[in-house]
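Subject: Structure handover

Hello,

Here is the structure we talked about. Please open it alongside this note, which goes through what turned up.

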Amino acid sequence: MNVPFLDLKANFKPLREQILKEIEDVLDNTAYILGPKVTAFEKSFGTMHGAEYCAAVSSGTDGNHLALWALGLAPGDEVIMPANTFVATAWGATLCGATPVFVDCDPRTYNIDPSKVEAAITPRTKAVVAVHLYGQPADMDALRAITNKHNIFLVEDAAQAHLATYNGKTVGALGDVCSFSFYPGKNLGAYGEGGAVTTNNPEIARKIKLYREHGSDKKYYHQTYGTNYRMEAIQGAVLGVKLPHLADWTAKRRAVAQQYNKLLSGINDIILPYEAHNVEHVYHLYVIQTEQRDALQTYLQEKGISTGLHYPVPLHLQECFNHLGYKKGDFPVSEQLGEQCLSLPMFPELTQEQIEYVAHHVTAFFASNTVTLAQEKVAQ
Ligand SMILES: *Cc1c(COP(=O)(O)O)cnc(C)c1O
């Protein structure tokens, strides 16, 4: 059997006719950028995430940039963010000319550790970016208490967390501004690049729309600097078809996670994902930790099971941030995760048979390893 890490074909198949019709509609109407389908999608997506304003953009990375740009981030400013995240979180700051400041993560949730944030605040700090990593919302109440106290912004990077909830509220308007990604492999994926920025603040929303479109709300009149971060109409059409299925896909991801939790619970050598009591994790990724990560990954690959690493090198140890002066040992939790994390196949269409096949081989790997270790002991 083969178990892919992700199966986008299985996701497309049942929607094929509807999506082709929507794309054909865009082509017939020749409105290729933004347009009515994108506007309709913005409205539904924003509403689903408790946000009054939603701007569809060209990628999650561009959304990260717009979110901080609209807050007025500029050279000399510092932005606090977790060390273990995808690098695009940091590009939000660097594209504004601001400096990313990394902090370690909580050893159970792997999200930014609020108890580490306050020590990283300086007079230059303008914002904290909470990444809802792997689909689990960060500890927003604790972060909000800190950002309020220091009068700085709280930003969400929800690229992996569409429809995730924190204290019963969806992500998207838990901070001052939030960005999402519709990269094809995300929980809600376009058929190309895409992203969105949401907020309940009208002034921030106004700036996001201006910067997204050449600093202009009237063609050829430019009130401010801007760029082109608009969403393509075809992506809006695809996302409009997919959005009504998102809640169902999310429930299926959660059910897959529960199955894995149940089937893998007896293995002492792995740490399973932890879900905080006040959140609904949407399992963009199902990440386990083990000291034998590389051997397990190779073993599973031999059995036809594809896995991933999210992320092997924390941001403070990336070459591009050498000049910031971090060193190995600065953020032990993130560093351990980099060495020990393994993402198992996770997508809504995973079958019971595939889940059991994965669990069976993870279990078999540790069973045979235990035997080998015991034999080595006897041999000594
Ligand atoms: C995917 C991702 C992004 C970037 O999104 P793109 O649409 O690929 O540009 C940003 N932050 C995080 C945490 C991500 O996972």
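Start with Ile80. Its relative accessibility is 0%, so Ile80 counts as buried. Keep in mind that this is a predicted model. Ile80 sits in strand β2. Leaving out residues up to four places away in sequence, Ile80 touches Val101, Val103, Ile112, Val117, Ala120, Ile121, Thr125, Ala127, Val128 and Val129. Ala130 is 50 residues from Ile80 in sequence, but the two C-alpha atoms are 8.7 Å apart in space.

Next, the cores. In soluble globular proteins, nonpolar side chains tend to be buried together. Here the largest nonpolar core holds 47 residues. Ile80 is among those with the most contacts inside it, along with Phe45, Leu143, Phe182 and Leu188. Another core lies apart from it and has 40 residues, including Ala55, Met81, Ala83 and Leu133.

Not counting residues up to four places away in sequence, Leu188 touches Phe41, Phe45, His162, Ser181, Phe182, Tyr183, Leu239, Lys242, Leu243, Leu246 and Trp249.

Now the sheet. Seven strands form an open sheet with mixed pairing, in the order β1-β9-β8-β5-β4-β2-β3. β1 and β3 (99-103) are the edge strands, and each pairs on one side only. On average, neighbouring strands of this sheet are turned by 25 degrees against each other, direction ignored.

Which strands pair with β9 in the antiparallel sense? Strand β1 (residues 53-57) does, over five bridges. Strand β8 (residues 177-181) does as well, over four bridges. Val57 stands opposite Gly195 in β9.

Is β9 enclosed or open to the outside? Five of the five residues of this strand (195-199) are buried, so it is largely enclosed by the rest of the structure. In a regular strand the side chains alternate between the two faces of the sheet. Both faces of β9 are covered. Gly195, Val197 and Thr199 are buried on one side, and Ala196 and Thr198 are buried on the other.

- Helix α4 (residues 60-70) lies across β1, β2 (78-82), β4 (125-131), β5 (153-157), β8 and β9. It runs at about 170 degrees to β8.
- Helix α7 (residues 140-150) lies across β4 and β5. It runs at about 150 degrees to β5.

Last, the ligand. How many residues surround it? There are 16, and the closest are Gly60, Thr61, Asp157, Ser181 and Lys186.

- A polar backbone atom of Gly60 is 2.8 Å from a ligand oxygen.
- An N or O atom in the side chain of Gln160 is also 2.8 Å from a ligand oxygen.
- A polar side-chain atom of Ser181 lies 2.6 Å from a ligand oxygen.

Ser181 links several of these points. This residue is one of the closest to the ligand, and it also touches Leu188.

Over to you.

Best wishes

Note on methods
Residues numbered from 1 in each chain as written. Predicted model: local features only at pLDDT ≥ 70, side-chain atom pairs only at ≥ 80, totals over all residues. Heavy atoms only, no water. Buried < 20%, exposed > 50% of the residue type's maximum accessible area, 1.4 Å probe, protein only. Helix = DSSP H or I, 4+ residues; strand = E, 2+ residues; numbered from the N terminus. Pairing = 2+ DSSP bridges. Axes fitted to C-alpha atoms, helices over the stretch in contact; angles between N-to-C directions. Contact = heavy atoms within 4.5 Å. Core = buried A, V, L, I, M, F, W, Y, C linked by side-chain atoms within 4.5 Å. Near = heavy atom within 4 Å. Polar contact = N/O pair within 3.5 Å; in protein donor to acceptor, adjacent residues only side chain to side chain.
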